[in-house]
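Please look over the sequence and the structure below before reading on.

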Amino acid sequence: MTGKRIIGAVLATALALGARPAAAADGITVGLAVAFSGWMEAYDGEAAKMAQLWIEQTNQKGGLLGKPIKVVTADTKTDRVEGAKVGKQLIDQGANLLLVSADYDYGAPAALQAQKAGVVSVFMGASDPKAGVIGVGPYSFTANNAGQLEGAVMAGWGYAKKGVRKGYMLVDETIEYNKSVCAGYEWNFPTVGGKIVGQDTFKGLDPTINSQITRLNDAIRTGGVDHVMLCSTNPGAASAVRQLRAAGVNLPVFSATAMDGTYWLNSTPGLKDFYLPVQALTVDDPRPPVNELTAAYAKKYGKPPTTQYAYPIYAFLELWAKAVTTAGTTDAAKVVAELNKDDNAPTILGPRTFTPKLHIQTKMPMIVVSYADGKESPVEEWTIKDTIPDAVLYRLKK
């Protein structure tokens, strides 16, 4: 079945579900069914804080529809079964919007409870296109971009601005996100005129990648490789970068948003010529409103966010509030109808687009950042020119 036929089948069945009654007369409720403990807390924690900051700011302005926004929370404990339980628990407590974990596998159980009840849900940071219409239903969204967009951005920017022409992919097969990032790069680099000379795989927990480095050096000598596309997450990604540099591979290394932040740089002293795409910078973002938001977060919580993953939910909540205001209700069907009209709609992080078939960002601009002297600095904003094909987005077998 093709990607479009899959989407059509999901829409046809899921839209038959009845919508849940709109907000209670005494207010609007936002539920956070996220990981406040376990390893997913590292990904959910700051985004959940950012969401609560947005709610506080919105209530200070009068709330939504003239009503205050109430917050209800429950800890999924980084457990899928627990996720389904607390998702239903918060729906039963009256949640009109349910925020779920920043990963498709761990957020879907709660999101499916929202879909079943006719409530809008949003993954706070999932990069899998299944986090939305395909994997949950038409009332589900993700605040994040597709992993494929990250690889595509680096391919397009690298060719046009860095002048690279021959690439080599190192793919960490530990999680699907890594494969999605490299799928975007593998599609777009030849599209813009580049050539992928070779590729290799590894596991993030492998103690060494000596064999992969040997094969890479052969490709550099015989194929003229001029940069490496590293699709991995920490701690494996940092280990791979350290080993590449220690082996004398000083070519530019492109990577994925998952490596955002400076917390891991102690393991790679003196790192430079390393680049990745982000939605926001936690320090010296080129957009003053983002810096103001960071300052407000730091004032409330004592320090700024560690990585860019805190920010996307704020942009989504802006759009959700606009949709609720326009619809005059929190009724899911009516709110989703408004969200699906968003076409390059402005947010604090830049334009966002949703359609009835796609509730993840696939063409928004991203900021390419560079690493040098232990710091992360913005280089420039980049938008891909072509639309990511369904076969790449859903990684359909050829």
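The sections that follow take up confidence, the sheet, the helices beside the sheet, the disulfide and a pair of packed helices.

## Confidence in the model

The model is predicted, and its confidence score, pLDDT, has a mean of 93 over the protein, with 93% of the residues reaching 70 or more. An exception is found at residues 1–25, where pLDDT stays under 50, although the model has 49 contacts beyond four places in sequence for this stretch. Where pLDDT is low, the predicted coordinates should not be read in detail.

## The open sheet

Seven strands form an open sheet with mixed pairing, and their order across the sheet is S7-S6-S8-S9-S10-S11-S12. The edges are taken by strand S7, residues 195–202, and strand S12, residues 375–382, each of which has a single partner strand, so one side of each is left without a neighbour in the sheet.

Helix H8, made of residues 210–223, lies across strands S6 (166–172), S7 and S8 (227–231), and its direction is at about 170° to that of S7. Helix H9, made of residues 236–246, also lies across S6, S7 and S8, together with strand S9 (253–254) and strand S10 (274–278), and it runs at about 160° to S8.

## The disulfide

A search of the whole structure finds 1 disulfide, which is formed by Cys182 and Cys231 with their sulfur atoms 2.0 Å apart. A disulfide is a covalent bond between the sulfur atoms of two cysteines.

The link of Cys182 and Cys231 is right-handed, with 90° about the S-S bond, and both cysteines are buried.

## Two packed helices

Two packed helices are described by the angle between their axes and the distance between the axes. For helix H11 (residues 312–327) and helix H12 (residues 332–339), the angle is about 115° and the axes are 8 Å apart, while the crossing of H11 and H12 is right-handed.

Which residues meet where H11 and H12 pack? On the H11 side they are Phe316, Leu319, Trp320, Ala323, Val324, Thr326 and Ala327, and on the H12 side they are Lys334, Val335, Glu338 and Leu339.

Terms used: Residues numbered from 1 in each chain as written. Predicted model: local features only at pLDDT ≥ 70, side-chain atom pairs only at ≥ 80, totals over all residues. Heavy atoms only, no water. Pairing = 2+ DSSP bridges. Helix = DSSP H or I, 4+ residues; strand = E, 2+ residues; numbered from the N terminus. Contact = heavy atoms within 4.5 Å. Axes fitted to C-alpha atoms, helices over the stretch in contact; angles between N-to-C directions. pLDDT = per-residue confidence, 0-100. Disulfide = S-S within 2.5 Å. Buried < 20%, exposed > 50% of the residue type's maximum accessible area, 1.4 Å probe, protein only. Left-handed = near helix turned anticlockwise from the far one by under 90°.
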